[in-house]
Amino acid sequence: MSYLTLRGINKIYPNGFHAVHDFNLEIEKGEFIVFVGSSGCGKSTTLRMIAGLENISKGDFFIDGVRANEKGPRERGVAMVFQSYALYPHMSVYDNLAFGLTLQGVDEDVIDRKVTNTAKILGLTDYLDRKPRALSGGQRQRVAVGRAIIRKVDIFLMDEPLSNLDAKQRVTMRSEITQIHRETGATTIYVTHDQTEAMTMADRIVVMKDGYIQQVGTPHDLYFNPSNMFVAGFIGEPPMNFIDAKLKHGKIKISNNEIDLSAVADRSVLEKYENAEIAFGFRPEAIRLPGKEDVSKSYQLSCSVELTELLGDSTNVYVDINGVKSILKVDPHDTPEMDSKMEFAIPFESVYLFDRQSERRIRLKA
């Protein structure tokens, strides 16, 4: 059995609302797991059930092989960092960090040593005498993280800890939290709606929607092998493009182009989905430009350019492909003129097909 095991976990509120459905997950000791999904998908509720702050309606939760459903938060040996910093405003940074150890009756010399070491790790040494109101948002968040790691628990739970920070602070804190995880080796479960945080921090990501797990995998797995349209559209920035089409005689028609899928899909797969409504997917950054790159093993399409966004290292190009709005990502030196026509190519290996009815991915090789 893994270090943390969730078997058939469900959360049903007294009003009948079913927030989490049949959640199953095995988490190894020392893993950094990220729950990601849009607001209301059940990720924070699941985290609170792990913490012991919400009762589990149905299912079993094990910590190191011991059933923990009825254990309180203290008995579970977890430390939690919330979206709100939850600092004591009348206490200094030093006292905020020391508070939990003081309640446990830890010797003052030990407390002082632990506070000093934690402050050093988090770059808070020069702020120990300050009150929270005298700190920036990023500094307050570091104090909140410090208050969790100073207890030396085995499980860290973090619920949207960076959502109150600006973009630059989030980037800094992402790297700091990742570094703290490496140094402590604690099992960490981190909740966010930001797929960039999930992709840059996680060992494995749990993608949720409407209380259900959609897919569990490494960032690489979820990016290159999404199991359905939701995961494909959620992971990646900009998101994957989808063009609705119908598969007939192994071919689909997109814009003025007829695409023969026999080069990428087995005959048995094409026969199975004959006459099916499908979604043809490709990532914005996967495209190639004819005349600049080899497009011999690619599908070529034409489109109308509606808008361009220069991002510095790349340009997002918003296009219309026969009535379908899509986004292409190109080198800034290849930025097309607005209202112009544009040709682009999608390499065979960068094509994704989805069953439009179930939204499940169609595996092109049987």
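Modeller: Below we take the labels one at a time and set each against its definition.

Modeller: Bear in mind that this is a predicted model, where local features need pLDDT of at least 70, side-chain atom pairs count only at pLDDT 80 or more, and totals for chains, interfaces and linings use all residues. Residues are numbered from 1 along each chain as its sequence is written, and side-chain values use heavy atoms, with hydrogens and water left out.

Colleague: Let's start with helices H5 and H6. Why are H5 and H6 called roughly parallel to each other?

Modeller: The axes of H5 (residues 137-149) and H6 (residues 167-184) cross at roughly 15 degrees and come within 10 Å. Helices here are DSSP runs of H or I with at least four residues, strands are runs of E with at least two, and both are numbered from the N terminus. Axes are lines fitted to C-alpha atoms, for helices over the stretch in contact, and angles run from 0 to 180 degrees between N-to-C directions. Angles under 35 degrees count as roughly parallel, over 145 as roughly antiparallel, 65 to 115 as roughly perpendicular and the rest as oblique. H5 and H6 are therefore roughly parallel.

Colleague: Which residues make the contact between H5 and H6?

Modeller: Contact means heavy atoms within 4.5 Å. On the H5 side the contact is made by Gly-137, Gly-138, Gln-141, Arg-142, Val-145 and Ile-149, and on the H6 side by Gln-169, Met-173, Glu-176 and Ile-180. By class, that contact divides into four nonpolar, four polar and two charged residues. Nonpolar covers Ala, Val, Leu, Ile, Met, Phe, Trp, Tyr, Cys and Pro, charged covers Asp, Glu, Lys and Arg, and the others, Gly among them, count as polar.

Colleague: And what makes H3 and H5 roughly parallel to each other?

Modeller: The axes of H3 (residues 93-103) and H5 cross at roughly 30 degrees and come within 8 Å. H3 and H5 are therefore roughly parallel to each other as well. Their contact is made by Val-93, Asn-96 and Leu-97 of H3 with Val-143, Gly-146 and Arg-147 of H5. It has three nonpolar, two polar and one charged residues.

Colleague: What about S19 and S20: how many bridges do they pair over?

Modeller: S19 (residues 352-355) and S20 pair over two bridges, in the antiparallel sense. Leu-353 stands opposite Ile-362 in S20. Both strands belong to an open sheet of four with the order S11-S14-S19-S20.

Colleague: What makes strand S16 mostly covered?

Modeller: Six of the seven residues in S16 (residues 315-321) are buried. Buried means under 20% relative accessible area, exposed over 50%, and partly exposed in between, using a 1.4 Å probe and protein chains only. S16 pairs with S15 (residues 298-310) in the antiparallel sense over six bridges, and Val-305 stands opposite Val-319 in S16. Seven bridges join S16 to S17 (residues 324-330), again antiparallel. S16 and S17 form a hairpin with two residues between them, and Asn-322 in the turn has a positive phi of about 55 degrees.

Colleague: Why is Asp-64 called exposed?

Modeller: Asp-64 counts as exposed because its relative accessibility is 55%. This residue is in the loop between S4 and S5 and has a positive phi of about 50 degrees although it is not a glycine.

Colleague: And Thr-184: buried, exposed or partly exposed?

Modeller: Thr-184 has a relative accessible area of 35%, so it is partly exposed. Thr-184 is found in H6, and its C-alpha atom is separated by 8.8 Å from that of Gly-30, 154 residues apart along the chain.

Methods: Pairing = 2+ DSSP bridges.
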